[in-house]
Amino acid sequence: MRKYASRNDGKELALQEEAMKKASAYVADLARKLDRQPLCCVTTFGCQMNARDSEKLLGILSQIGYAPTDKEEEADFVVYNTCTVRDHANQRVYGRLGFLNSIKRRKPHLKIALCGCMMQEQTVIEKIKKSYRFVDLIFGTHNLFKFAELLVTMFENQEMIIDIW
């Protein structure tokens, strides 16, 4: 099992492994409720670094029991990995969130996460908190190593989780 940790010390790896087990249990429970394997869609808005990070996120989601799909409307978990280099990409993210809101009304179990450098901007966070309250998880580029822990926190809470470093 590949681990994504901030340090190579045993304590950090143990925390990540425990988080992966807990997250797997939540996804297994969802699979029982849905009577099928849950699907995830990771969409990258941005640079090659974002694409690499998206591969890591997809790997973690696969390890805990999600199967990948390219279709957001089919997914049970959608992750947008964002970039701030161009305003056009930001506007596309906001537009896609509007689309996801309509899907989430029909599929209340749908989880939505936003990450990447766009999420490092305080004005963006404030806009999402105000206008897109249905988003479940927001984390920055420096928090990627905590993805499994953040998933557990998201599954255990009903409110929006924000973890920006």
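A: On a 1 Å grid over the protein atoms alone, a pocket is an open set of points with protein on both sides within 12 Å along at least five of seven lines, and lining residues have an atom within 4 Å of a point. Its volume is the space filled by probe spheres (1.4 Å probe) set on the points, which are joined across faces, edges and corners. The model is predicted: local features need pLDDT of at least 70 and side-chain atom pairs pLDDT 80 or more, while totals for chains, interfaces and linings use all residues. Residues are numbered from 1 along each chain as its sequence is written, and side-chain values use heavy atoms, without hydrogens and water.

Q: How much space lies in the largest pocket, and which helix supplies the largest share of its lining?

A: The largest pocket holds about 270 Å³. Helix H1 (residues 10–34) contributes six residues, the largest share of the lining; helices are DSSP runs of at least four residues, H or I, and strands (E) of at least two, numbered from the N terminus. Among the lining residues are Tyr26, Asp29, Lys33, Tyr66, His109 and Phe155. By class, the lining has seven nonpolar residues, two polar and three charged (nonpolar: Ala, Val, Leu, Ile, Met, Phe, Trp, Tyr, Cys and Pro; charged: Asp, Glu, Lys and Arg; polar: the others, Gly among them).

Q: Is Asn143 buried or exposed?

A: Buried means under 20% relative accessible area, exposed over 50%, and partly exposed in between, with a 1.4 Å probe and protein chains only. Asn143 is counted as buried because its relative accessibility is 3%. Asn143 sits in the loop between strand E5 (137–139) and helix H5 (147–156). In H5, seven of the ten residues are buried, including Phe147, Leu151 and Phe155.

Q: Which side chain does Asn143 meet in a polar contact?

A: A polar contact is a pair of N or O atoms within 3.5 Å; within protein, one must be able to donate a hydrogen and the other to accept it, and residues adjacent in sequence count only through side-chain atoms on both sides. The partner of Asn143 is Asp163, at 2.7 Å.

Q: With which residue does the side chain of Asp163 meet in a salt bridge?

A: A salt bridge places a side-chain nitrogen of Lys or Arg within 4 Å of a carboxyl oxygen of Asp or Glu. Asp163 pairs with Lys146 at 2.7 Å, N to O. The two are 17 residues apart, linking the loop between E5 and H5 with strand E6 (residues 161–163). Lys146 is partly exposed at 21%, whereas Asp163 is buried at 17%.
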